[in-house]
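Hi there,

Here is the structure I promised to send over. Have a look at it first, and then read on for what turned up when I went through it.

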Amino acid sequence: MYSMKILAAVAILLIAAPSLAADLQVLDLQYTAGGRLVANIFNQAPDGIEDDITVKFYDNGKEIGSKLYTDPLPRYSVFSVYIDYAPSAGTHEFKAVVDGENAIKESSDDNNEKNTSFEQKIDTAPRNATPEPKKQEEAEAHEQTGFAFP
């Protein structure tokens with residue numbers, strides 16, 4: 001008799017309990033040598049997401065771009081978004097935030113952002129520099145033009 005009541009209570013709970021909400025997580029954030037800031041986003045809940053998903057990118061606290069992911073996101077799946085970005089010389093704290101406006105109901109918003117640091121080195125090579133001519137080329141140029149090289 002008790003086992004039948006327990007079984008009926010469990011069945012009612014399972015039917016009445018809503019499914020778990022989506023849970024978006026920024027898995028990683030990388031700045032590539034090609035000048036791209038790439039964020040990998042994971043839906044780690046058993047529900048898919050049909051809504052558009054916004055990912056915003058920041059450099060030292062200032063928003064530098066955003067991407068809108070519009071495809072349906074199946075459960076337990078990953079997608080990548082990126083922006084092209086050329087930071088100035090110095091240290092940069094990059095951040096990616098998924099669903100910062102909380103437009104999508106999630107079981108946790110605590111994992112919706114990721115930070116990474118990046119050091120942009122100063123490029124001391126001059127742009128469009130003409131290489132120094134070799135001695136033989138200098139002599140030929142002097143004969144043709146009459147100009148002497150220092």
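V81 counts as buried, because its relative accessibility is 8% and the cut-off for buried is under 20%. Please keep in mind that this is a predicted model. V81 has its place in strand β5. If we leave aside the neighbours within four places in sequence, V81 is in contact with L37, V38, A39, V55, F57 and K67. As for A96, it is 15 residues from V81 in sequence, and the two C-alpha atoms are 10.0 Å apart in space.

One of those contacts, V55, is worth a visit too. With neighbours within four places in sequence again left out, V55 is in contact with A39, I41, G65, S66, K67, F79, V81, A96, V97 and V98. The bridge partner of V55 in β6 is V98.

**The overall layout**

For orientation, the protein has two helices and seven strands. If you take contacts between residues at least 6 apart in sequence, 61% of them join residues at least 24 apart.

**The strands**

Three strands form an open sheet, in the order β1-β2-β5, with antiparallel pairing. The edges of this sheet are β1 and β5; each has a single partner strand, so one side of each is left without a neighbour in the sheet. On average, neighbouring strands here are turned by 20° against each other, direction ignored. Between β1 and β2, which run antiparallel, there are seven bridges. To find this pairing on your screen, look for Q30, which stands opposite V38 in β2.

Now to β3. β3 and β4 form a hairpin with two residues between them, and N60 in the turn has a positive phi of about 50°. β3 also pairs with β6 in the antiparallel sense, over five bridges.

**The nonpolar core**

Which residues of the largest nonpolar core touch the most other members? This core has 21 residues, and the ones in question are L24, A39, I41, I53, V55, F57 and F79. Two or more residues each come from β1, β2 (36–43), β3 (53–59), β5 and β6. The largest share, four residues, is given by β1.

**The aromatic rings**

I also looked at how the rings sit together. A pair of aromatic rings is described by the distance of the centres and the angle of the planes. This structure holds five aromatic pairs. Here are two of them.

Y31 and F94 form a tilted pair, 5.5 Å centre to centre and with 35° between the planes. Y31 lies in strand β1 (residues 24–31) and F94 in strand β6 (residues 90–98), so the pair ties together parts that are 63 residues apart in sequence. Both Y31 and F94 are buried.

Y69 and F79 form a stacked pair, with 3.8 Å from centre to centre and 20° between the planes. Y69 belongs to strand β4 (residues 62–69) and F79 to strand β5 (residues 77–84), so this pair ties together parts that are ten residues apart in sequence. Y69 is buried, and F79 is buried as well.

Y31 and F94 turn up again in an aromatic cluster, which they form together with Y85 and F118.

The charged end of K67 sits over the ring of Y82, at 5.6 Å from its centre. K95 lies over the face of Y58, 5.3 Å from the ring centre.

Best wishes

Methods
Residues numbered from 1 in each chain as written. Predicted model: local features only at pLDDT ≥ 70, side-chain atom pairs only at ≥ 80, totals over all residues. Heavy atoms only, no water. Phe/Tyr/Trp six-rings, centres within 6.5 Å; stacked < 30°, edge-to-face > 60°. Buried < 20%, exposed > 50% of the residue type's maximum accessible area, 1.4 Å probe, protein only. Lys NZ or Arg CZ within 6 Å of the ring centre and 35° of its normal. Core = buried A, V, L, I, M, F, W, Y, C linked by side-chain atoms within 4.5 Å. Contact = heavy atoms within 4.5 Å. Pairing = 2+ DSSP bridges. Axes fitted to C-alpha atoms, helices over the stretch in contact; angles between N-to-C directions.
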